[in-house]
Amino acid sequence: MKKPLLKHLVEITAHREHSRLALSVISALYQLTNVQEIRMLEIFTMRDEHYVQEKMLIRDGDIHTIDEHTSDDPKEPLASYPAMMACIRNHLNEYLETTDDGAHILWLPVWLHGKMNSCVEIRSDKPFEPQMMDVIHGIFHVYCNYQSLLDYSERDALTGLFNRKTFDEQFTKYAFAIAPHEAHSLEKNDRRHDDAAVEAKGHWLAVVDIDHFKQVNDRYGHLYGDEVLILVANILRASFRSHDRIFRFGGEEFVILLRSTTLSDARKIFDRFRQNVQEYDFPQVGKVTVSLGFVGISRETPVVILGHADQALYHAKKSGRNRICFYEELVDSGVLRSGITTNDTVEFF
């Protein structure tokens, strides 16, 4: 038996997590319209190329979802979707087409911060009647408005990056998304630094701190200090992939979750970010540098993993700043002792 429209709306607005919200919306659309299938497609960028990834599909009453932490999800170039390309070029709110085989497809882009970050594809073997379109538009607009509210609550007001609260909610998903063989590889093999360990893919957490940021505020004022934070946030976005996660923890400190990357590539990616900051000319302030400490994400608790990354960061700052340090490497070389130590610079929990 179909649920009434109002009950669907109640269920949609009960969610506080984007994937569950999206699943609730496409389920409501499927049940209220009797269409053939509905897909939720996500757009992401990798190595400056745009791709489309199917995140959810409902067909013949069956729901299929793809775990966002799976590293080898199927993806296609954005150019393979002319309708989505047309939406982006013309900033359309919907696109209706009829295929050569007689299928009717309605494309509904989801716009966030002026960019199309996903799209709902609704496929029907019959034309979309006005009454059906009213239902689709109503449900979809509720979804877009509510998603914007969720996004606002998850982000830092100054930089637009994810905030500390969002990190606390998302980190456990990242840590426990590691398959058992990956966790074993990170905890055992990476510490030996042999060739097999270097090639093994893992997940990484980095803590970033802007060097001498207090001096920037004291010398140029908080207005220019805020501009430095915004520009560093922009460099962070440009330096990492869309499916990595970047957070502002407050003050001049940021945290990065880097997924499905080898140790050697992670080191290169983090150092490329450091160089991007070093080479940037900040208005009025001039040159700014950052220090970074990173660690492999294992089955340890969040406080332990964050503590290890912070130890590596503290060593980077103590040994000259404008550098990156890898926690496991510091432990293996005897520079750090394994375990959490406290210092006066950061308190995570």
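**Exercise 1.** How many of the 17 residues of α11 are buried, and is the helix largely enclosed or largely open?

*Solution.* Keep in mind that this is a predicted model. Start with the count: 13 of the 17 residues of α11 are buried. The helix is therefore largely enclosed by the rest of the structure.

**Exercise 2.** Work out what span helix α11 should have, and compare it with the distance between its end C-alpha atoms.

*Solution.* Helix α11 covers residues 302-318, which makes 17 residues. The expected span is 1.5 Å times one less than the number of residues, so the helix should span 24 Å. Its end C-alpha atoms are 24 Å apart, in agreement with that value. Now step just past the helix: G320 has a positive phi of about 130 degrees.

**Exercise 3.** Find the residues that touch the most other members of the largest nonpolar core, and trace where this core comes from.

*Solution.* The core has 33 residues, and F270 and F273 touch the most other members. Next, look at the elements that give two or more residues to this core: the strands β8, β10, β11 and β12, and the helices α8, α9 and α10. Helix α9 (222-239) provides the largest share, with 7 residues.

Then zoom in on F270. Leaving aside residues up to four places away in sequence, F270 touches W204, A206, F240, I256, L258, L292, F294 and I324. A separate second core contains 28 residues, among them A22, I38, I136 and C144. As background, nonpolar side chains in soluble globular proteins tend to be buried together.

**Exercise 4.** Which strands does the salt bridge between R123 and E37 tie together?

*Solution.* First, check the pair: the closest N and O atoms of R123 and E37 are 3.9 Å apart, inside the 4 Å cut-off for a salt bridge. R123 sits in strand β7 and E37 in strand β1, so the bridge links parts 86 residues apart in sequence. Third, consider accessibility. R123 is partly exposed at 23%, while E37 is buried at 11%.

Notes:
Residues are numbered from 1 along each chain as its sequence is written. This is a predicted model: local features need pLDDT of at least 70, side-chain atom pairs count only at pLDDT 80 or more; totals for chains, interfaces and linings use all residues. Side-chain values use heavy atoms; hydrogens and water are left out. A nonpolar core is a set of buried Ala, Val, Leu, Ile, Met, Phe, Trp, Tyr and Cys residues joined through side-chain atoms within 4.5 Å. Buried means under 20% relative accessible area, exposed over 50%, partly exposed in between (1.4 Å probe, protein chains only). Helices (H or I, at least four residues) and strands (E, at least two) are DSSP runs, numbered from the N terminus. Contact means heavy atoms within 4.5 Å. A salt bridge is a side-chain nitrogen of Lys or Arg within 4 Å of a carboxyl oxygen of Asp or Glu.
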